[in-house]
Amino acid sequence: SGRWELVEVDDFVPCTLEDGWSEIPYTEQEDGTRVYNYQDIYTAQGTKRLRKKWLPLFGRPNGRQVWALVLEKAMAKFVGSYAHLSGGTEPFAFMALTGFPLVYVFQRPAVDKAETAAMPNHWQWRGAQYAGRSSTGVGSEALPVPDDLLDEELWEKLLQYMARRCPVTSSITRY
């Protein structure tokens with residue numbers, strides 16, 4: 001409705017009790033797979049040695065930083081539940097957090113109708129518009145601009161936005 005809304009949250013975060021693997025020694029294979037020693041995980045009787053840890057159920061913090069968990073909780077409360085955050089997009093988050101009703105999206109077009117791959121060195125200039133708190137997976141529409149951007153042109157545009165201290169994000173959502 002074009003107005004700021006105060007969302008109050010407490011500091012309780014939904015958590016799940018999981019095995020704590022962070023203190024168990026391991027070796028890492030070339031492909032990044034972790035290999036653990038059986039004796040480090042199980043006792044001679046076959047019971048697990050792993051200590052249980054309470055971990056956030058949804059977003060996972062980097063170390064002891066909890067600001068993202070509190071922000072995630074506020075957004076879940078704003079849209080109605082954590083389940084409604086699933087499938088959310090960066091454009092929705094920018095619009096909900098800044099109040100700005102339209103954001104730019106630069107997206108590679110598909111090479112075919114089946115959308116099996118993206119067209120290289122080609123970026124469509126698109127816009128996403130706020131449609132309400134229940135539309136977290138907001139899509140985007142092509143903007144009436146003369147030409148799409150090449151990789152170098154997009155990079156220059158991003159540098160200009162960052163120089164103006166505009167919020168910028170990136171994601172891989174298809175292909």
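User: Let's start with Lys-52. Buried or exposed?

Analyst: Lys-52 is exposed, with a relative accessible area of 52%. The cut-off for exposed is over 50%. Keep in mind that this is a predicted model.

User: Which residue does Lys-52 form a salt bridge with?

Analyst: Asp-19. The closest N and O atoms are 2.9 Å apart. Lys-52 lies in strand 4 and Asp-19 in strand 1, so the bridge ties together parts 33 residues apart in sequence.

User: And Asp-19, buried or exposed?

Analyst: Asp-19 is buried, at 18% relative accessible area.

User: How many salt bridges are there?

Analyst: The count comes to 6. One of them joins Arg-60 and Glu-18, with the closest N and O atoms 3.1 Å apart. That pair links distant parts of the chain, 42 residues apart. Arg-60 sits in the loop between strand 4 and helix 2, while Glu-18 is in strand 1.

User: How accessible are Arg-60 and Glu-18?

Analyst: Arg-60 is partly exposed, at 47% relative accessible area. Glu-18 is partly exposed as well, at 27%.

User: Which residue does Asp-151 meet in a salt bridge?

Analyst: Arg-108, at 3.3 Å from N to O. Asp-151 is in helix 4, and Arg-108 is in the loop between strand 5 and strand 6. They are 43 residues apart. Asp-151 is partly exposed at 29% relative accessibility, and Arg-108 is partly exposed at 22%.

User: Which residues do shared partners join into one network?

Analyst: Asp-19, Lys-48 and Lys-52, through their salt bridges.

User: Switching to rings. How many aromatic pairs does a search of the whole structure find?

Analyst: It finds 8. Among them is the edge-to-face pair of Tyr-104 and Trp-125, 5.5 Å centre to centre with 80 degrees between the planes. Tyr-104 lies in strand 5 and Trp-125 in strand 6, so the pair ties together parts 21 residues apart in sequence.

User: How covered are those two, buried or exposed?

Analyst: Trp-125 is buried, with a relative accessible area of 15%. Tyr-104 is partly exposed, at 47%.

User: What about Phe-106 and Tyr-161?

Analyst: They form a tilted pair, 6.5 Å centre to centre and 35 degrees between the planes. Phe-106 is in strand 5 and Tyr-161 in helix 4, 55 residues apart. Both are buried. Ring pairs link Tyr-104, Phe-106, Trp-125 and Tyr-161 into a cluster.

User: Which residues gather in the patch of negative charge?

Analyst: Asp-147, Asp-148, Glu-152 and Glu-153. Asp-148 is placed in the loop between strand 7 and helix 4. A patch residue needs over 30% relative accessible area, and Asp-148 has 31%, which makes it partly exposed.

User: Last topic, backbone angles. What is phi of Glu-115?

Analyst: It is near 55 degrees, a positive value in a residue other than glycine. Glu-115 is in the loop between strand 5 and strand 6, partly exposed at 42% relative accessible area.

User: And phi of Arg-165?

Analyst: That one is near 65 degrees, again positive in a residue other than glycine. Arg-165 sits in the segment after helix 4. Arg-165 is exposed, with a relative accessible area of 78%.

Key: Residues are numbered from 1 along each chain as its sequence is written. This is a predicted model: local features need pLDDT of at least 70, side-chain atom pairs count only at pLDDT 80 or more; totals for chains, interfaces and linings use all residues. Side-chain values use heavy atoms; hydrogens and water are left out. Patches are made of residues with over 30% relative accessible area and no salt bridge: like charges are joined within 9 Å, nonpolar side chains (Val, Leu, Ile, Met, Phe, Trp, Tyr) within 5 Å. Accessible areas come from the Shrake-Rupley method with a 1.4 Å probe; for residues, only the protein chains shown count as cover. A salt bridge is a side-chain nitrogen of Lys or Arg within 4 Å of a carboxyl oxygen of Asp or Glu. Lys and Arg count as positive and Asp and Glu as negative; His and the chain ends are not counted. The place of a charge is taken as NZ of Lys, CZ of Arg, CG of Asp or CD of Glu. Helices (H or I, at least four residues) and strands (E, at least two) are DSSP runs, numbered from the N terminus. Buried means under 20% relative accessible area, exposed over 50%, partly exposed in between (1.4 Å probe, protein chains only). Rings of Phe, Tyr and Trp (its six-membered ring) pair if their centres lie within 6.5 Å; planes under 30 degrees apart count as stacked, over 60 as edge-to-face and the rest as tilted.
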